[in-house]
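Let's take a walk through this model together, from a single side chain to a helix and then to a pocket. Have the sequence and the 3D view ready.

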Amino acid sequence: PKQARVKSHNAMERNGNVFMWYHRDNQEPDWFIEPIDNYEDFYEAGQISHTINCHISEIPENGADFAHFFMLHEENMLAGGDMEMTKSKLGKLMTHKWTPKNWKLGWGEEKHMIKFDLHLETFFGQSSVRVPGFSEMKAEVHQMGPAYVSLKINLGCLFQGYFIQTITPEEQFMQRVSHRLIAKPHNQLVLTKLYLQSERSQFERDISMWNHKVYKSNPVLVKDDGPIRKYRNWYQQFYSTVKDAYEEQKETETGNSQERKQSDNAWSDFKDLDW
């Protein structure tokens, strides 16, 4: 009987995660998460998870917010994730310079993707003297869809790995964000734990911003802020219609940054995202 039918969804296992496709109009998937080459050669080095109160698109939008790299992530991981402590002497023992390059939107069969390179240089204090062994790191960043980002790190024989970020909405404007680190070779236990701790402290600085801000669909931007406008226009493709995206953004702006009041229809807007 019709009332006993169970609705099915397209699902796939990819890169250690299980993904399910949802479309409000029941359309079939028109893009997929790319597999990591030789994924079986990597091992699970660790995972960290956080719950964040913000708009879902703001989290991966970090990659397009060039100015925030200097403002939040100059100090090393010894400063921790507390923004009140990032200007401490420990945080200034080593400083980072982050440089995003070659940021570009995908098109055609890659319209669901954003790619860019992220260069990291580490110095002693405020000097121009680089820290041996950690002087420079180059990473390839790929965002696929609205809630999946991979960051590929290649330091040759010293270290190779990926940070995989996934976002899952749990409640109205409440996101669960997971960062998994897969790595090789298998004997780099200390280095992988160091990377995980660094990722945790740096990401928690972002969380302190997201938890205490209001989403603005039309913010005042300057050139040095990066391609935020392009990113938001690109992100709208993951809503069933442009109208759904506009209404969702409008509802977000009516919220209070401290009490986080959301409308009764907010969750229905999230469900219209194509995963």
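Start at Phe-238, which is buried, with a relative accessible area of 1% (buried means under 20% relative accessible area, exposed over 50%, and partly exposed in between, with a 1.4 Å probe and protein chains only). Phe-238 sits in the loop between α3 (228-235) and α4 (242-253); helices (H or I, at least four residues) and strands (E, at least two) are DSSP runs, numbered from the N terminus. Gly-145 is 93 residues from Phe-238 in sequence, yet the two are 7.3 Å apart in space, C-alpha to C-alpha.

A word on the source: this is a predicted model, in which local features need pLDDT of at least 70 and side-chain atom pairs count only at pLDDT 80 or more, while totals for chains, interfaces and linings use all residues. Residues are numbered from 1 along each chain as its sequence is written, and side-chain values use heavy atoms, with hydrogens and water left out.

Now turn to helix α1 (residues 66-73), where His-68, Phe-69, Leu-72 and His-73 are buried. Seen down the axis of α1, these buried residues fall within an arc of 110°, so they line one face of the helix (the arc is that of the directions from the helix axis to the C-beta atoms). On the other side of α1, Phe-70 and Met-71 are exposed.

Finally, look for the pocket lining. Its residues, those of the largest pocket, divide into 25 nonpolar, 14 polar and three charged (Ala, Val, Leu, Ile, Met, Phe, Trp, Tyr, Cys and Pro count as nonpolar, Asp, Glu, Lys and Arg as charged, and the others, Gly among them, as polar). The largest share of this lining, seven residues, comes from α2.
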